[in-house]
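Hi everyone, thanks for coming. I'd like to walk you through one structure today, so please have a look at it with me.

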Amino acid sequence: MNKNFQDFTIVLATLVMILSTGCSEKKAVEKLKPNIVLIYVDDLGYGDIGVNGATGVETPNIDRMATLGLNFHDAHCSASTCTPSRYSLLTGSYAFRRNAAILPGDAPLLIDPSKETLPSMLQNAGYKTAVVGKWHLGLGMGKVDWNKEITPGAKEVGFDYSYIIPATPDRVPCVFVENNKVAGLDLNDPIEVDYQNDYGEYPTGIEHSDLLKIKADRQHSCTIINGVSRIGYMKGGKSALWVDENFGKVLTQKASDFIIENKDQPFFLYFSLPNIHVPRMPDAVFVGKSSMGPRGDDIAEMDFCTGKIISLLEELKLDKNTLVIFSSDNGPILNDGYDDDAVQMLGNHNPAGPYKGAKYSAFEAGTRMPTVVYWPGTVQPGSSHALLSQVDLYASLASLVGKKVSDGSAPDSENHLDAWLGKNQIGRKIMLEEAFTFALRMGDWKLIAPQTSVTPDWLINKDVETGLSNDVQLYNLKDDIGETQNVQEMYPDTLYRMQSILTEILNK
């Protein structure tokens, strides 16, 4: 039987079956739309999963997804730091267009609520949408009053449900925000947050290091919550404070609840796990699961949480109608403010795999992400070397659900749905990367532009090969995957062409 005709008859039979139960035609069509689950983890390197060569920690659930699905080897986040990557993912726009950088914990909402976003586009396509986990895109306007409804927030940019860590686990306020309100807050104990002045209510890491579960650098030595000193100061909110060791349990349950509640309609879940961002505080069950200390144990917990979501989809018989995308927001980092022996206990493990750099870096490891697409029966098992960027998920998913991207929205997003689903390996011809400078990929060619600003002091102390230089850099990744030989003088025509393309993108 002709495959196209066979696919048509399956769709037609499904419609007839649904309509025969009394559903409306609209409901029948919605039933055919695939659910979309984006599992977006934090600071996970290309080499931090088993199928990409991890040692010292096992990731059986992610490995299973990669074996039964599609494992990508040249898929990228759009920037080597979290806020810019998350902004691009949800807006389809490069972060530099919004001057987006790593946000403090009390920053206003970065995304323009008047613009269409990935979740609002899916809402308009008939999807229920949710974000569970790390946010770090700002909340409110101006100084946030954490004791009232915080608006604009996740709701205003397209999420029907939200249960989020406002910024990062190492920043105050150390509370969850559910549907724009602090979860579990006692208004008789109001929250205040300041990133300059200490309220004096909670102890600080500088003055009370004896209270710490884990030692921290100066930047992370402000208010102590749950035995961990953070960036910034807060007071109040005692009934709402999180327990870091419960992150995986709490967030996975919230994500699971959303899936169960919406199993009979199309849904989009942005499951933004805080693992393996510092402070790495895995549940006691996972302590010792790796040979690498807290960082490895946190990877093991992240894999377990991922597996719980996949198991739930299978249990509810939703797996064959659910596109699952697993990836990370930027490259790996070992020492990022807390003394958790990540460097000392690394062993033979290489978080970046064969690539140079790390989080914060313009080299490949800064943005080349572990990326797996899993959709049983639709995405065939295999691997792909297509050059892809997360900024393209917007246009690609719009194509999947039959929606036109609104005028003025997602200016940098390209539709590469066939590549994401493994139907071809034709990815981007040109790809921009942001990392305190700009980098450009053109096939196997990699251009790193000279830096135009001073390297921050805190970055100098991270022991990261940043790729920042006053000189232009050109690498041929086909022959030099480790980016060791700057060949800009040998290939002036290629250099000129790539510089011209970069200038065109920046001035667009």
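Predicted model: local features only at pLDDT ≥ 70, side-chain atom pairs only at ≥ 80, totals over all residues.

Residues are numbered from 1 along each chain as its sequence is written, and side-chain values use heavy atoms, with hydrogens and water left out.

Okay, the whole chain. We have eleven helices and 20 strands; those are DSSP runs, H or I of at least four residues for helices and E of at least two for strands, numbered from the N terminus. The C-alpha trace spans about 75 × 65 × 45 Å along its principal axes. For 508 residues, a compact globule would come out with a radius of gyration near 23 Å, and this chain has 22 Å, which agrees. That radius is taken over C-alpha atoms, and the globule rule is 2.2 Å times the number of residues to the power 0.38.

How much of the chain is buried? It's 60% of the 508 residues, where buried means under 20% relative accessible area, exposed is over 50%, and partly exposed is in between, using a 1.4 Å probe and protein chains only. As for contacts, meaning heavy atoms within 4.5 Å, take the pairs at least 6 apart in sequence: 72% of them join residues at least 24 apart.

Now the sheet. Ten strands form an open, mixed sheet in the order β7-β6-β5-β4-β12-β1-β13-β14-β2-β15. At the edges are β7 (181-182) and β15 (382-384), each with a single partner strand, so one side of each has no neighbour in the sheet. To count as paired, two strands need at least two DSSP bridges between them. The partner at the β15 end is β2, residues 70-72, running parallel to β15 with three bridges, and there F72 sits opposite S384.

Let's go to β1. Seven of its seven residues are buried, so this strand is largely enclosed by the rest of the structure. N35, V37, I39 and V41 point one way, with I36, L38 and Y40 pointing the other. On one pairing, β1 runs parallel to β13 over seven bridges; on another, it runs parallel to β12 (residues 267-272) over four. V37 takes part in both: its bridge partner in β13 is V324, and in β12 it stands opposite L269.

Next, helix α8, residues 393-400. Why do we call it largely enclosed? Because seven of its eight residues are buried, including L393, Y394 and L400. Those buried residues pack against several elements, among them β1, α4 (82-91) and β13 (322-328).

Three residues lie between them, and F436 in the turn has a positive phi of about 65°. E433 stands opposite A439. M431 and E433 point one way and L432 and E434 the other, and all are buried.

Last stop, V193, in strand β8 (residues 192-194). V193 is buried, at 4% relative accessible area. Its contacts beyond four places in sequence include D106, K143, Y199 and W146. W146 is 47 residues away along the chain, yet the two C-alpha atoms are separated by 8.3 Å.
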